[in-house]
Amino acid sequence: MYKMLIVNDELSESQNMLYTLKNELDNFLSDLQTASSESETLEKTVKFMPDFIVMDVDLGKESWKETIKTIKMSNSYSQVILITAYDCFDDAVSLSVDDYLLRPVRLTTITDSLYKLAKNISESRKKNDYAMKIREDYEKATNVLEQIRKKYLRLIESDDEEKSSDNDVVQITDKYIVCNYNKNIKLEELASEINISRYHLCRIYREKTGVNFTNTLADIRILKSKELIVQSDMAIKDVAMSVGYTDVSYFSRLFKKVTGISPNDYRKAAYSMSKR
């Protein structure tokens with residue numbers, strides 16, 4: 001179902017079209033409103049947000065031309081149908097409306113135009129729904145990543161020299177992760193360096209931090225990949241390699257598991273949000 005705004009600078013004609021279309025398109029239109037002046041048209045375009053705007057106005061008046069231009073520039077969703085006289089046809093074309101009909105116009109001509117343009121509205125709604133979902137997913141993902149960042153501030157913001165002077169297993173492990181997250185980390189090598197078993201290292205790390213080594217490493221890699229996704233034009237496969245994943249499919253699944261959105265969609269959404 002669609003909403004329509006009928007614009008006619010002759011109020012009586014506007015009312016006649018309103019009643020005619022109401023009866024003819026009862027199962028097509030959910031709501032109809034009218035406007036008879038330039039200011040009323042612009043106000044209702046914003047507040048009513050019609051899917052269709054059918055305009056039968058005097059294009060000899062510059063104010064109506066400016067009104068139509070304003071609608072087309074500021075309103076990407078409404079389909080504008082302009083009813084015009086033959087001698088104003090060139091003006092109608094120059095205004096880039098979605099359809100223009102020459103007077104005298106039959107009811108069937110109007111309805112045919114509405115049904116044709118309804119396809120454009122359906123496509124626009126799908127795009128808008130998709131864009132809205134992406135924005136919502138982006139906001140959720142950003143919140144998740146911020147929570148991860150706060151969780152690992154000790155790794156991200158700690159000074160390397162301070163870490164290296166501390167023999168605590170957690171500090172050494174954290175430093176190892178930050179310095180080597182983009183490599184094929186082997187925990188056995190780290191455990192050997194500090195003279196404890198791999199099992200003992202994992203147990204101590206989990207007891208001290210509340211998370212295990214593998215999850216910490218994955219989270220840090222995801223945080224680093226987020227920076228590359230947003231701040232560079234690197235291909236996703238190169239982003240994956242840069243943070244230590246040789247399998248881009250695995251990386252994409254992991255990124256979506258953690259954030260709720262794929263790396264590609266996160267990049268698209270970040271770009272879209274930056275243009276707002």
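**From a loop to an aromatic cluster**

Author: N195 lies in the loop that runs between helix 9 (187–193) and helix 10 (198–209). The model is a predicted one. Although N195 is not a glycine, its phi is positive, at about 60°. Most residues other than glycine have a negative phi, and most peptide bonds are trans. N195 is classed as exposed because its relative accessible area, 71%, is over the 50% cut-off.

The C-alpha atoms of I204 and I6 are separated by 73 Å, and the two residues are 198 positions apart along the chain. K133 belongs to helix 5 and is partly exposed, with a relative accessible area of 48%.

Other backbone features deserve mention. S96, in the loop between helix 4 (89–94) and strand 5, also has a positive phi without being a glycine, with a value near 55°. The peptide bond from R103 to P104 is cis, with omega near -10°, and P104 is located in the loop between strand 5 (99–102) and helix 5.

The aromatic side chains come next. A search of the whole structure finds 9 aromatic pairs. In one of them, the ring centres of F28 and Y115 are 4.8 Å apart and the planes meet at 75°; since that angle is over 60°, the pair is edge-to-face. This pair links distant parts of the chain, 87 residues apart: F28 is in the loop between helix 1 (11–24) and strand 2 (29–35), and Y115 is in helix 5 (residues 107–151). F28 is buried, at 10% relative accessible area, whereas Y115 is partly exposed, at 44%.

Y245 and F251 form another pair, with 5.9 Å between centres and 35° between planes, and this pair is tilted. Both partners are buried: Y245 has a relative accessible area of 9%, and F251 has one of 0%. They belong to one aromatic cluster formed by Y138, Y245, Y250, F251, F255 and Y266. A charged residue is also placed against Y245, as R221 lies over the face of its ring at 4.7 Å from the centre. Elsewhere, the charged end of K3 sits over the ring of F48, 5.0 Å from the ring centre.

Helix 13 (residues 248–259) can now be taken as a whole. Its 12 residues reach 16 Å from the first C-alpha to the last, close to the 16 Å expected at 1.5 Å a residue. The buried residues of helix 13 are F251, L254, F255 and T259. They cover an arc of only 110° around the axis and therefore lie on the same side of helix 13. An α-helix has 3.6 residues a turn, so residues three or four places apart point the same way. R253 and K257, on the other side of helix 13, are exposed. The buried residues of helix 13 are covered by elements that include helix 5, helix 11 (213–231), helix 12 (236–242) and helix 14 (263–274).

The two ends of helix 13 have features of their own. At its start, a side-chain oxygen of D247 comes to within 3.0 Å of the backbone nitrogen of S249. Just after the helix, G260 adopts a positive phi of about 90°.

Helix 14 has 12 residues and reaches 17 Å from its first C-alpha to its last, close to the 16 Å expected. Its buried residues include P263, D265, Y266, R267, A269 and A270; of these, Y266 is also a member of the aromatic cluster. Among the elements covering the buried residues of helix 14 are helix 5, helix 11, helix 12 and helix 13. Helix 14 is in turn among the elements that cover the buried residues of helix 13.

Notes. Residues are numbered from 1 along each chain as its sequence is written. This is a predicted model: local features need pLDDT of at least 70, side-chain atom pairs count only at pLDDT 80 or more; totals for chains, interfaces and linings use all residues. Side-chain values use heavy atoms; hydrogens and water are left out. Rings of Phe, Tyr and Trp (its six-membered ring) pair if their centres lie within 6.5 Å; planes under 30 degrees apart count as stacked, over 60 as edge-to-face and the rest as tilted. Helices (H or I, at least four residues) and strands (E, at least two) are DSSP runs, numbered from the N terminus. Buried means under 20% relative accessible area, exposed over 50%, partly exposed in between (1.4 Å probe, protein chains only). A charge sits over a ring if NZ of Lys or CZ of Arg is within 6 Å of the ring centre and within 35 degrees of the ring normal. The expected span of a helix is 1.5 Å times one less than its number of residues. The arc is that of the directions from the helix axis to the C-beta atoms. Contact means heavy atoms within 4.5 Å. A polar contact is a pair of N or O atoms within 3.5 Å; within protein, one must be able to donate a hydrogen and the other to accept it, and residues adjacent in sequence count only if both atoms are side-chain atoms.
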